Amino acid sequence: MSVQYQITGTAATEIAASVEAGVRAGRLAPGRTLPPVRKLAADLGVAPGTVASAYRRLRERGVVETGGRAGTFVRQRSAFTPTGTLTVPSGVRDLVSGEPDTGLLPDLGALKPGVDIVHGNYRDGGPCPDLLDLARDRFAADGVRGELTVTSGALDAFERGLAARLEPGDTVAVEEPTWANGRDLLLSAGYQVTPVAIDGEGPIAEELDAALASGARAFILTSRGQNPTGAAVSEPRAAELRDVIERHRGVFVIEDDHWAELSRTPLRFVADAAEHWMFVRSVSKPYGPDLRTALVAADPDTKARLQGRMALGHGWVSCILQHFVIAAWTDDGTAAQVRHASRVYFERQAALRDALAARGIDTWGTSGLNLWIPVADETAAVVSLRDAGYAVAPGRGFSFHGAQAIRVSTSRLEPEAAPAVADAIAYASGPAAPPI
């Protein structure tokens, strides 16, 4: 590494800035191991504590992570990592992206005649009342009540909600394994994160209780279609989680229901067990990521803070985009398309899950776009599957503990192809890895 990129600096801030510059320029690639603390200290002529402080700053900012004996290495994703476009080699099937099948998204062009496309202004911008009315009815049907607003997608809601209730350095409890984008956003914003182990029924209540007792001030959970596992919160688990949250009333709870209209599993609402809470339903998966819209229900104080922070920033979500959501929610043809997509996604995921079970490999996924499969050697499994013609995601990017696993996206996997994929996974996975 010293030949390719030389870390410089004599103070912790300078060393951290040097590493960030290398990551930002692409010269310290994701996965690259940094020098051990004592070696870098000797190379730079500084005390080991100075380098340790720099590495701690980098961990807090989500630039690096520590993997025990693996040392300190550059994270796969951070605020400083060039993202680019995911490239799957020619001849290799994409089971890695985890994105909705564009062929199952509604045709927004067909909705255009019913959309009110007019120029707005600063005075009148904000949540569209008609959209809030529709959302209120939809949420109420799932047992969700609260004050409503609109954000530019789920991550926008998370970032603004946390900023309204927490301070940088506060700890947020998140699922393990977890949605990598959400975790990386938290780290980049300066929050500490602590894992809460999950199983097929959602976060484990005892794990959440321990995290909150240790000082976590917020908790983020996924209702259905959890990424990367496909888990969904069950009714018994929801009751257990609500009991824990009620014992820690000061915690701020964010519930992510991105799978929403595509789900064939009832919603088991948890968030409002807290005094301050937020329920977020993005339209990206059912209707299209480019709509950049999420509906949010929250307690009155949180809603006011969230909307106030938006007013100080970009102001409001485009009313044109909001009117496209209104058109999608009120169009019978679009509703039929979403029901069709729900059935297709369920069949695709179930086909691979069942094929894997027939080969002695159990998975949790019952909703969403992915399956999580523990393996004996993650790197070997990813390479073996690539050689067999399938691109899958390594599990380390979703795990705090470096779990040996792979995430397989089923969003575009036809049921008839599932047996061949299951054969390749069974060959690549090796002896069964212990559960998370």
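The model is predicted: local features need pLDDT of at least 70, side-chain atom pairs count only at pLDDT 80 or more, and totals for chains, interfaces and linings use all residues. Residues are numbered from 1 along each chain as its sequence is written, and side-chain values use heavy atoms, with hydrogens and water left out.

Helices (H or I, at least four residues) and strands (E, at least two) are DSSP runs, numbered from the N terminus. Ala 218, Ile 220 and Thr 222 point one way from β8. Phe 219 and Leu 221 point the other way.

Strands count as paired if DSSP finds at least two bridges between them. β8 pairs in the parallel sense with β5 (residues 171–176) over three bridges. Here Val 172 stands opposite Ala 218. β8 also pairs in the parallel sense with β9 (residues 252–256), over five bridges. Asp 256 in β9 is the bridge partner of Thr 222. From β8 the chain crosses through helix α9 (residues 235–247) to β9, in a right-handed β-α-β crossover (clockwise from the first strand over the helix to the second, with the strands pointing away from the viewer).

Helices α6 (residues 154–165) and α7 (residues 180–188) pack at about 30 degrees, with axes 11 Å apart. Axes are lines fitted to C-alpha atoms over the stretch in contact, and angles run from 0 to 180 degrees between N-to-C directions. The two helices are therefore roughly parallel (under 35 degrees). Leu 155, Glu 159 and Leu 162 in α6 meet Asn 181, Gly 182, Leu 185 and Leu 186 in α7 (heavy atoms within 4.5 Å).

Conventions: Buried < 20%, exposed > 50% of the residue type's maximum accessible area, 1.4 Å probe, protein only. Parallel < 35°, antiparallel > 145°, perpendicular 65-115°, else oblique.
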